[in-house]
Amino acid sequence: MSYQTLAAPCQAIYDIKKSQFLAFAYPIDDREQAMACVMQLKEQYPDARHHCYGYVIGNPHNTTSAGFDDDGEPNGTAGRPILNVLQHKGIGNVIIVVVRYFGGIKLGAGGLTRAYGTAAQLAVEQMVLVPFVARCQVSVQTTFAHEAQIRYLVSAVDGQIVTVDYANQVQMSVQMDLAKRSAFIESLGVFGQVLDEEGC
């Protein structure tokens, strides 16, 4: 089953009883990227009381990896409602981090759960969603004479050249849709050889 993912980062703000909830959504590929987003926001908003999050990696209908953190809020009142919004909407490869500035008025457990869920929902409403397409990276070696031909073959499968290394020969790192990998490798023929494949 295919699923939707986030095309670009987005954010939303929710205010209730003098507390401000800043919701940030980011596309991610793994837990390391998710934690990097959290750390970045902790550095950006060091005076905030809480930095709570929920994330889904992979297919939200058959979750390979999901997680959440209440960051000091009462158990189950922050991270879980954020994660629930993502799972209910069927969005994968995404993290929502909600940064809370406490306004002095306690919301209670039910109020907190609703506030974090609402902030996450507002972030979802700002999202531009696209169908998730599995991608992979292929390292190709070729000669200087055949470099232009390899570039043509990469563009023919809508791939992107990530890096090029000119040493004795030309070595390219190419990213493309997983579904187009076989056609690309077959098209190489005498022009180049595959050295390595990641995520393929």
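Which residues are exposed on the other side of helix H4? They are Ala-148, Tyr-152 and Ala-156. The structure is a predicted model.

**Helix H4**

- Helix H4 spans residues 147–156, and its buried residues are Glu-147, Ile-150, Leu-153 and Val-154.
- Viewed along the helix axis, these buried residues fall within an arc of 120°, so they line one face of H4.
- An α-helix has 3.6 residues a turn, so residues three or four places apart point the same way.

- Seven bridges join S2 to strand S3 (residues 19–27) in the antiparallel sense, and Ile-16 stands opposite Ser-19 in S3.

**Helices on the sheet**

**Salt bridges**

- Side chains of opposite charge can pair when their charged atoms come close.
- Arg-100 and Glu-73 meet through their side chains in a salt bridge, at 2.9 Å from N to O.
- This pair links distant parts of the chain, with Arg-100 in strand S6 and Glu-73 in the loop between S5 and H2, 27 residues apart.
- Arg-100 has a relative accessible area of 4% and is therefore buried; Glu-73, with 8%, is buried as well.
- Within helix H4, Arg-151 and Glu-147 lie four residues apart, about one turn of the helix, and they form a salt bridge whose closest N and O atoms are 3.0 Å apart.
- Arg-151 is partly exposed, with a relative accessible area of 35%, whereas Glu-147 counts as buried at 13%.
- Lys-180 forms a salt bridge with Asp-158, with 3.0 Å between the closest N and O atoms.
- This pair also links distant parts of the chain: Lys-180 is in the loop between strand S10 (170–177) and helix H5 (181–188), and Asp-158 is in the loop between H4 and strand S9 (160–166), 22 residues away.
- Lys-180 counts as partly exposed at 27% relative accessibility, as does Asp-158 at 49%.

How values were computed:
Residues numbered from 1 in each chain as written. Predicted model: local features only at pLDDT ≥ 70, side-chain atom pairs only at ≥ 80, totals over all residues. Heavy atoms only, no water. Pairing = 2+ DSSP bridges. Helix = DSSP H or I, 4+ residues; strand = E, 2+ residues; numbered from the N terminus. Buried < 20%, exposed > 50% of the residue type's maximum accessible area, 1.4 Å probe, protein only. Arc of directions from axis to C-beta. Salt bridge = Lys/Arg side-chain N within 4 Å of Asp/Glu carboxyl O.
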